[in-house]
Amino acid sequence: MKDTIRITKTQKSRLSEVDFDNIPFGRVFSDHMFVADYKDGEWQDPRIVPFGHFEIHPAAMALHYGQAIFEGMKASKSNDGTPLFLRPEMHAKRINQSARRMCMPDFPEGLFLEALHELVGLDRDWIPPKEGSALYIRPYMFANDEFIGVKPSQTYRFIIFTGPVGPYYPKPVSLIADTHYVRAAVKGGTGAAKVAGNYAASLLPAKLANEKGYDQVMWLDSIEFKYIQEVGTMNIFFVIDGKVVTPALNGGILPGITRDTALHILPEHGYEVEERPITIDEVVEAYQAGQLQEVFGTGTAAVVAHVSKLAYKDIVMDLPPMEERQVGQLIKTQIDGMRSGRIEDKHGWIEPVKAAVKA
Ligand SMILES: Cc1ncc(COP(=O)(O)O)c(C=O)c1O
């Protein structure tokens, strides 16, 4: 990869059409996108171009054999208006872990970060100003060979686009543990990678959970349906008798970046944290003993989503009211506070957007 990023600016910004007080999630896209193509064994022609459609061949391999991976991250503005990222290098690393599992080429981490800074720097006015609002960033890569037959593609396209999202006021969610479907196999599967197919596999169980009146599925392990994995698009935490427990990464769980951040923050505030296998039976027993104090999910979108109700077979666990919860709230306050500049970033997680945009 020798080229630097070529920039073609849009002739007409769409920014004035956006109502920042009323942004539907996932439907508004900023003016520019970053694109690079992989061929002849290297990434070529990294460029920022006006956001828009592109052509794709009917035989493009990603559409048939599913070599497609992505990331989800955010840029936000601190209280003094500085645009910033939170731990962007973790996303640069994770997309390559996903790429390796899918037999796709690595995307150079340095170029990933440079592209983020240039793109978000160029579209910085698209970052909504309100605390809790953000510019959602979607890096992704897909197989682009025009070929029918199961083998790794020789060509790929890598794109980053962004779009403003409104303040996320996550309401507590209800969960049902699925005892029939899994999201991904625990051993040897693709659960630890952020691959498109994992999300496709989750849709039917999620629909069935909705039909039963629950917001999301809590995934159990694929062998015994006993060990808790994660939730919808979040990692899961339990507070049992004052101790914080989260399932250990086992190859079947996505290594969430918010999860990792929480695992750093909690001990610094005096909490004992255990990363270990945790069974649904243990959670039920804790509930029945009156020791299940909190259940919450962590992820880029919500930061923390509290769980109000958790069902397993015919057991329905109604969890303590919000006023009695401290742990999930602490994580959210710390992360939001670092983003806004109200809380000191002792870890060097915050990275101001530093693009010097060329003409
Ligand atoms: C399946 C799954 N688990 C967990 C997470 C949380 O990961 P992160 O904290 O990196 O957003 C996500 C979101 O990316 C996800 O899709």
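Buried area is the accessible area, taken with a 1.4 Å probe, that two parts lose on being put together, summed over both. Keep that in mind as we walk through this predicted model, starting with its two parts.

The domain assignment divides the protein into domain 1, residues 6–169, and domain 2, residues 173–340. Taken over C-alpha atoms, the centres of domain 1 and domain 2 are 27 Å apart. Where the two meet, 22 residues of domain 1 are in contact with 22 residues of domain 2. Together, domain 1 and domain 2 bury about 2,100 Å² between them, and carbon and sulfur atoms give 60% of that area. On the domain 1 side, the residues that lose the most area to domain 2 are F70, L86 and R94, which together make up 28% of what that side buries.

One salt bridge is counted between domain 1 and domain 2.

Which elements supply the domain 1 side? Strands β4 (68–70), β5 (73–77) and β6 (83–86) and helix α2 (88–101) each supply at least two residues of the side that touches domain 2. Of these, α2 gives the most, with five residues. Sorted by class, the domain 1 side has nine nonpolar, six polar and seven charged residues.

Finally, a look at the aromatic rings. The count comes to 17 aromatic pairs. One of them joins F29 and F161 in an edge-to-face arrangement, with 5.4 Å from centre to centre and 85° between the planes. This pair links distant parts of the chain: F29 sits in the loop between β1 (6–7) and β2 (32–39), while F161 belongs to strand β8 (residues 156–165), 132 residues apart.

Technical notes:
Residues are numbered from 1 along each chain as its sequence is written. This is a predicted model: local features need pLDDT of at least 70, side-chain atom pairs count only at pLDDT 80 or more; totals for chains, interfaces and linings use all residues. Side-chain values use heavy atoms; hydrogens and water are left out. Domain bounds come from an automatic or database domain assignment. Contact means heavy atoms within 4.5 Å. A salt bridge is a side-chain nitrogen of Lys or Arg within 4 Å of a carboxyl oxygen of Asp or Glu. Helices (H or I, at least four residues) and strands (E, at least two) are DSSP runs, numbered from the N terminus. Ala, Val, Leu, Ile, Met, Phe, Trp, Tyr, Cys and Pro count as nonpolar, Asp, Glu, Lys and Arg as charged, and the others, Gly among them, as polar. Rings of Phe, Tyr and Trp (its six-membered ring) pair if their centres lie within 6.5 Å; planes under 30 degrees apart count as stacked, over 60 as edge-to-face and the rest as tilted.
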